[in-house]
Amino acid sequence: MPNTLNPLELIARRWQPSAAFVRRAALATVIMAVIIVVTGGAVRLSQSGLGCSTWPKCTPDSLTPTAAMGVNGLIEFGNRMLTYVLCAVIGVFIIAARARHPRRRSLTRLGWAQFWLVMSNAVIGGVTVLTGLNPYIVSSHFLAATALLTVAVLSWKRASEGDEEPRDLVARPARQLAWLLVAATGALTVIGTVVTGTGPHAGDAKKVHRIPLDWQEITQLHVDFVYIVVGLSVALWFTLRAVKAPAAPRRTLLELFVCIAVQGVIGYVQYFTGLPEIVIGLHMLGSSLVWICVLRVSLSLRDRGPLQEEDPSGSATSGEREAPEPQPASALSR
């Protein structure tokens with residue numbers, strides 16, 4: 001009896017996506033992860049966090065919002081529906097990575113990691129609603145979305161490089177400084193969720209429990225970590241210049257400087273204008289972009305060799321065409 005092939009294997013036998021298609025699919029997962037972060041923030045900032053009163057249904061008697069729930073129900077339900085769009089985009093990436101020849105198990109594993117992160121965050125989102133927007137659960141909901149964004153960025157990077165053992169492009173201290181920058185930015189993100197949990201935008205018009213900390217003190221701690229991240233970024237810039245790092249990492253670090261500068265301006269604007277919702281939404285977008293840039297800076301400091309391409313004959317190459325085999329003299333004279 002012949003072996004039964006799974007659907008992914010059947011697709012791989014009939015479709016060979018290009019390396020560029022896989023990279024675009026990986027980039028699409030990054031874009032969707034950012035959209036989920038921003039739209040999740042829009043739910044909270046529009047006071048639609050309990051627009052659907054329960055989960056997984058929208059109401060105890062209806063899967064979808066009713067007219068009586070108004071725009072808040074539509075916003076919350078629309079954000080839930082975006083989860084299916086995100087799953088579809090991740091699904092395309094998983095299928096493309098699996099169908100690509102030569103097969104790269106590292107890419108498919110990263111794709112499945114994204115899928116399970118989405119599923120776990122959907123459950124966290126449900127718990128958020130069922131607990132009446134508990135600020136600690138809301139914070140974990142955002143951090144899980146950041147974890148998804150992290151894996152998506154790593155997938156995007158891996159889709160553009162080979163599978164050799166990582167090779168450092170700079171001295172080890174420079175790599176360690178880059179990882180310290182990642183850790184500091186991660187801490188900055190966590191503290192930012194605490195600021196959110198103590199601030200006035202609880203996600204619903206009703207009185208919702210907040211984290212019992214002084215909002216201004218937590219905000220000041222958040223600002224202190226911003227200065228730490230800026231200082232580490234400047235230190236890394238001078239370090240890369242001192243060790244004569246390749247141009248690509250230094251260019252990526254300049255992109256980080258731009259994101260930090262814009263994010264800093266947005267942060268001060270929201271603080272001195274009384275936390276308007278639209279500015280906070282821009283700040284959440286900026287937070288995602290800064291995190292992407294920080295990850296790209298760290299990942300740019302190592303190399304895994306060229307990405308193998310597939311030539312028309314079906315054999316893998318590394319972006320360079322092999323020299324033709326010598327032809328017999330009789331063949332050359334014909």
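**Exercises on backbone geometry and cavities**

Lys 244 is exposed, at a relative accessible area of 73% (exposed means over 50% relative accessible area, buried under 20%, and partly exposed in between, with a 1.4 Å probe and protein chains only). The model is predicted: local features need pLDDT of at least 70, side-chain atom pairs count only at pLDDT 80 or more, and totals for chains, interfaces and linings use all residues. Residues are numbered from 1 along each chain as its sequence is written, and side-chain values use heavy atoms, with hydrogens and water left out.

**Exercise 1.** Identify the residues joined by cis peptide bonds at Pro 56 and Pro 102, and place each proline.

*Solution.* Step 1: most peptide bonds are trans. Step 2: Trp 55 and Pro 56 are joined by a cis bond with omega of about 10°; Pro 56 is in the loop between helix H2 (19-45) and helix H3 (70-99). Step 3: the cis bond between His 101 and Pro 102 has an omega of about 5°, and Pro 102 is in the loop between H3 and helix H4 (105-130).

**Exercise 2.** Describe the largest cavity by volume and by the classes of its lining residues.

*Solution.* Step 1: on a 1 Å grid over the protein atoms alone, a cavity is a set of points where a 1.4 Å probe fits but cannot get out, and lining residues have an atom within 4 Å of a point. Step 2: the volume, which is the space filled by probe spheres set on the points, is about 50 Å³ for the largest cavity. Step 3: its lining includes Arg 44, Leu 133, Thr 196 and Arg 210; helix H5 (135-158) and helix H6 (172-198) are the elements that give two or more residues. Step 4: the lining has four nonpolar, three polar and two charged residues (Ala, Val, Leu, Ile, Met, Phe, Trp, Tyr, Cys and Pro count as nonpolar, Asp, Glu, Lys and Arg as charged, and the others, Gly among them, as polar).

How values were computed
Helices (H or I, at least four residues) and strands (E, at least two) are DSSP runs, numbered from the N terminus. On a 1 Å grid over the protein atoms alone, a cavity is a set of points where a 1.4 Å probe fits but cannot get out, and a pocket is an open set with protein on both sides within 12 Å along at least five of seven lines; lining residues have an atom within 4 Å of a point.
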